[in-house]
Amino acid sequence: MASEDGRPDQGAPPLYLAVDPGSRKWGMALVDATGQCVERHLTTSEEGPPTAARLAGTRSVALILVGSGTTSRDAVRALAQAVPETPLEVVPERNTTLEGRALYFRYHPPRGLARLIPRGLLSPPEPVDAYAAEALALRWLKGQKG
């Protein structure tokens with residue numbers, strides 16, 4: 001949480017900002033140490049670094065986790081400039097889109113007749129990039145626990 005002057009609350013538990021960078025859009029998720037997603041954001045790739053800087057400036061972000069996909073090198077460079085005071089770590093991104101789809105349907109289970117269709121055949125009605133970012137954070141947290 002932010003204090004009254006807008007700076008991060010030093011007593012708040014740390015959050016991890018996971019970024020799934022793409023060539024046109026970035027998914028972002030703020031996840032706490034227990035794996036609970038606090039916020040999700042979907043933004044254009046141009047607005048990604050300023051959005052990350054805003055989130056890191058108003059929250060207690062301990063680490064930025066960046067997916068290792070094709071655009072990760074440029075994303076890491078842009079994030080290092082936008083948020084120089086927050087450390088970054090690159091996280092393997094393989095299959096996070098599929099994991100993001102699964103997270104989407106966990107939070108938004110199908111209703112009506114769609115319940116009868118296997119989830120692997122359903123397409124979410126919105127991009128899942130922010131959910132893929134959440135999957136990155138969950139993967140990283142799991143790796144930290146052993």
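**Strand E1 and its surroundings**

Guide: This is a predicted model. In it, a hairpin of 3 residues links E1 to E2.

Visitor: What makes E1 and strand E2 a pair?

Guide: Two strands pair if at least two bridges are found between them. E1 and E2 (residues 25-32) have 7 bridges, in the antiparallel sense, so they pair by that definition. Within this pairing, leucine 15 stands opposite aspartate 32 in E2.

Visitor: In which sense do E1 and strand E4 pair, and over how many bridges?

Guide: E1 and E4 (residues 61-67) pair in the parallel sense over 5 bridges. Valine 19 has valine 66 of E4 as its bridge partner.

Visitor: Why is strand E1 called largely enclosed?

Guide: Buried means under 20% relative accessible area. In E1 (residues 15-21), 7 of the 7 residues are buried, so the strand is largely enclosed by the rest of the structure.

Visitor: Which residues of E1 show that both faces are covered?

Guide: In a regular strand, side chains alternate between the two faces of the sheet. In E1, Leu15, Leu17, Val19 and Pro21 are buried on one side, and Tyr16, Ala18 and Asp20 are buried on the other.

Visitor: How many helices and strands does the chain have, and why is it called as compact as a globular protein of its length?

Guide: The chain has 4 helices and 5 strands. Its radius of gyration is 16 Å, close to the 15 Å that the globule rule gives for 146 residues, so the chain is as compact as a globular protein of that length. Of those 146 residues, 41% count as buried.

How values were computed: Residues are numbered from 1 along each chain as its sequence is written. This is a predicted model: local features need pLDDT of at least 70, side-chain atom pairs count only at pLDDT 80 or more; totals for chains, interfaces and linings use all residues. Side-chain values use heavy atoms; hydrogens and water are left out. Helices (H or I, at least four residues) and strands (E, at least two) are DSSP runs, numbered from the N terminus. The radius of gyration is taken over C-alpha atoms; the globule rule is 2.2 Å times the number of residues to the power 0.38. Buried means under 20% relative accessible area, exposed over 50%, partly exposed in between (1.4 Å probe, protein chains only).
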